[in-house]
Amino acid sequence: MTTSLHPYLEMRKKYNEVLSNIDFIIHNHDDLLQLNDEINNKVKKDIDDIQNSKTDFTDLKNKIKQLKDNISIKIYALCQHEFIDDCIDIDPDYSQNIRYCIICEYCE
Ligand SMILES: [Zn+2]
């Protein structure tokens, strides 16, 4: 692996971790909204605040996704790809042939 590629791959990994955590937070907002639904005499302001917070995190998620996409484009351009053919099991009865780079994981 070229040394210049390494920090980009690490950044993409970190972006994936951040995105996974944001997904977790967004999912918890859905739970909060659902729980709030079960409360009698719901407070409209609370619902709005939860909904607005969820929207903020969704916007943040889209920004992080864009940063990750930019990194992925850089990785694709910098990588000296080494493609291999592999077979992945979709379910017990069906598998699919894929071709991907063992360095950057780009799938053809
Ligand atoms: Zn590659």
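Visitor: Is Asn-52 buried or exposed?
Guide: This is a predicted model, in which local features need pLDDT of at least 70, side-chain atom pairs count only at pLDDT 80 or more, and totals for chains, interfaces and linings use all residues. Residues are numbered from 1 along each chain as its sequence is written. Asn-52 has 11 other C-beta atoms within 10 Å. With C-beta atoms placed from the backbone, 20 or more others within 10 Å make a residue buried, 12 or fewer exposed, and counts in between partly exposed, so Asn-52 is exposed.

Visitor: Which helix holds Asn-52?
Guide: Helices here are DSSP runs of H or I with at least four residues, strands are runs of E with at least two, and both are numbered from the N terminus. The chain has two helices and two strands, in the order α-α-β-β from the N terminus on. Asn-52 belongs to the helix spanning residues 44-78, H2.

Visitor: How are H1 and H2 oriented to each other?
Guide: Axes are lines fitted to C-alpha atoms, for helices over the stretch in contact, with angles from 0 to 180 degrees between N-to-C directions. The axes of H1 (residues 6-38) and H2 come within 9 Å and cross at roughly 160°. Angles under 35 degrees count as roughly parallel, over 145 as roughly antiparallel, 65 to 115 as roughly perpendicular and the rest as oblique, so H1 and H2 are roughly antiparallel.

Visitor: How many residues of the contact of H1 with H2 are nonpolar?
Guide: Ala, Val, Leu, Ile, Met, Phe, Trp, Tyr, Cys and Pro count as nonpolar, Asp, Glu, Lys and Arg as charged, and the others, Gly among them, as polar. On that division, the contact of H1 with H2 has seven charged residues, five polar and, for the nonpolar class, 20.

Visitor: What radius of gyration does the chain have?
Guide: The radius is taken over C-alpha atoms, and the globule rule is 2.2 Å times the number of residues to the power 0.38. For a compact globule of 108 residues, the value would be near 13 Å, but the chain has 20 Å.

Visitor: What is the phi of Glu-105?
Guide: Glu-105 sits in the segment after strand S2 (94-101). Glu-105 is exposed, with 12 other C-beta atoms within 10 Å. Although not a glycine, Glu-105 has a positive phi, about 70°.
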